[in-house]
Amino acid sequence: MKNRLNKLYADNRKASARKFEVVAKADSTDVEIFLYDHIVSSEDEAEWWGGVAPESFVKAVYGVDKDAKIHLRINSPGGSVFAARAMEQALRDHKGGVIVHIDGLAASAATFIAMAGEEVIMAKGAMFMIHKAWTGMWGNANDLRKEADLLDKIDGTLAQTYADKTGKGLEQVSSWMADETWFTAAEALEHGFATSIADSDAKASAWNLSAYANAPKLPEAQAPAPKPVPTPVPTPVPTPESKTITEDHQARLSQRLAFLSRI
């Protein structure tokens, strides 16, 4: 099987929705952090694939005043498990509290970052997806078995995080993960992944989700209207009279240029 994580990165390297930004709110001490991007393991990967690395994200969180509330706005197709875990922990350590807003999509690794919020508010039409962890590696049978054991452990920790947030049993959460389950905002609220639904509509996600097995067709950003094509003006066929006029005009121009060159 191809490395689906690399495919996710490659497919979204030039996505128009990508943005990582920290914005102080003008009317309060609250701070907004926009995680509108995929999640990569390091700054080196971010330079190659694009995306947000944990170093940048954690520094941004630690740079917020300890008493200020963070509003984390998510529109992300997911990415690296361990990078997202570091981001999640930084949010949990923030003393001022965290409110998560899922503006378009929270998929894969972005979902357990969302679980760090005291509130998780989903826009109408937003989506929330959980699944089992991926990997890509080479090696012999023993290497692959060890890697499978590691994936089982990772899945267990993720299932526990979701279960702690939602109050659902581990068996139910693990079943959702195995099926790569996509939740609407209403379903996420029903099952405890979200705490409320915003009045606003979801922003167009604009992500390529072909790396996932069960991805629904998400709304695309509206394309600009095509520019009207001008109607070509036919070139007039010269007549003997027009030819004479053109030749006279050129002669007068030549005379003027000769005069100006002598000034």
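Modeller: Gladly. Let us begin with the word contact, which means heavy atoms within 4.5 Å. Leaving aside neighbours within four places in sequence, Val 173 is in contact with Ile 130, Ala 159, Tyr 162, Ala 163 and Lys 168. Please keep in mind that this is a predicted model.

Colleague: Why is Val 173 called buried?

Modeller: Buried means under 20% relative accessible area. Val 173 has 0% relative accessibility, so it counts as buried. Its place is in helix α7, and its C-alpha atom is separated by 7.0 Å from that of Tyr 162, 11 residues apart along the chain.

Colleague: Which residues make the contact between helix α6 and helix α7?

Modeller: First the geometry: α6 (residues 141–166) and α7 (residues 170–178) pack at an angle of about 115 degrees, with their axes 9 Å apart. From α6, the contact is made by Asp 155, Leu 158, Ala 159, Gln 160, Tyr 162 and Ala 163. Leu 170, Val 173, Ser 174 and Met 177 take part from α7. By class, that gives 7 nonpolar, 2 polar and 1 charged residues. The crossing of these two helices is right-handed.

Colleague: And is the crossing of α4 and α6 left-handed or right-handed?

Modeller: That one is left-handed. Here the helices pack at an angle of about 35 degrees, and their axes are 13 Å apart. Val 81, Phe 82, Arg 85, Glu 88 and Arg 92 of α4 meet Ile 154, Thr 157, Leu 158 and Thr 161 of α6. These residues divide into 4 nonpolar, 2 polar and 3 charged.

Colleague: What makes strand β4 largely enclosed by the rest of the structure?

Modeller: The count of buried residues settles it. In β4 (residues 98–107), 10 of the 10 residues are buried, so the strand is largely enclosed by the rest of the structure.

Colleague: How do you know that β4 pairs with strand β5?

Modeller: Two strands pair if DSSP finds at least two bridges between them. β4 and β5 (residues 119–124) have 4 bridges, in the parallel sense, and Ile 102 stands opposite Met 122 in β5. β4 also pairs in the parallel sense with β6 (residues 127–130), over 3 bridges, where Ala 106 stands opposite Phe 128.

Colleague: How many bridges join strand β3 to β4?

Modeller: There are 6 bridges between β3 (residues 70–76) and β4, and the two strands run parallel. Ile 70 has Val 98 as its bridge partner in β4. The chain goes from β3 through helix α4 (residues 81–93) to β4, in a right-handed β-α-β crossover. Another right-handed β-α-β unit is made by β4, helix α5 (residues 109–114) and β5.

Colleague: Why is Leu 189 called partly exposed?

Modeller: Buried is under 20% and exposed is over 50%, with partly exposed in between. Leu 189 has a relative accessible area of 35%, so it is partly exposed. It lies in helix α8 (residues 185–190). Beyond its neighbours within four places in sequence, Leu 189 is in contact with Ala 194, Thr 195, Ser 196 and Ile 197.

Colleague: What about Ala 10: buried, exposed or partly exposed?

Modeller: Ala 10 has a relative accessible area of 43%, so it is partly exposed. It lies in helix α1 (residues 4–11). Its C-alpha atom and that of Asn 208, 198 residues apart along the chain, are separated by 9.5 Å.

Colleague: And how many helices and strands does the protein chain have?

Modeller: It has 9 helices and 8 strands. Of its 263 residues, 42% count as buried.

Note on methods
Residues are numbered from 1 along each chain as its sequence is written. This is a predicted model: local features need pLDDT of at least 70, side-chain atom pairs count only at pLDDT 80 or more; totals for chains, interfaces and linings use all residues. Side-chain values use heavy atoms; hydrogens and water are left out. Buried means under 20% relative accessible area, exposed over 50%, partly exposed in between (1.4 Å probe, protein chains only). A crossover is right-handed if, with the strands pointing away from the viewer, the path from the first strand over the helix to the second runs clockwise. Axes are lines fitted to C-alpha atoms, for helices over the stretch in contact, and angles run from 0 to 180 degrees between N-to-C directions. A crossing is left-handed if the near helix is turned anticlockwise from the far one by less than a right angle, and right-handed if clockwise. Ala, Val, Leu, Ile, Met, Phe, Trp, Tyr, Cys and Pro count as nonpolar, Asp, Glu, Lys and Arg as charged, and the others, Gly among them, as polar.
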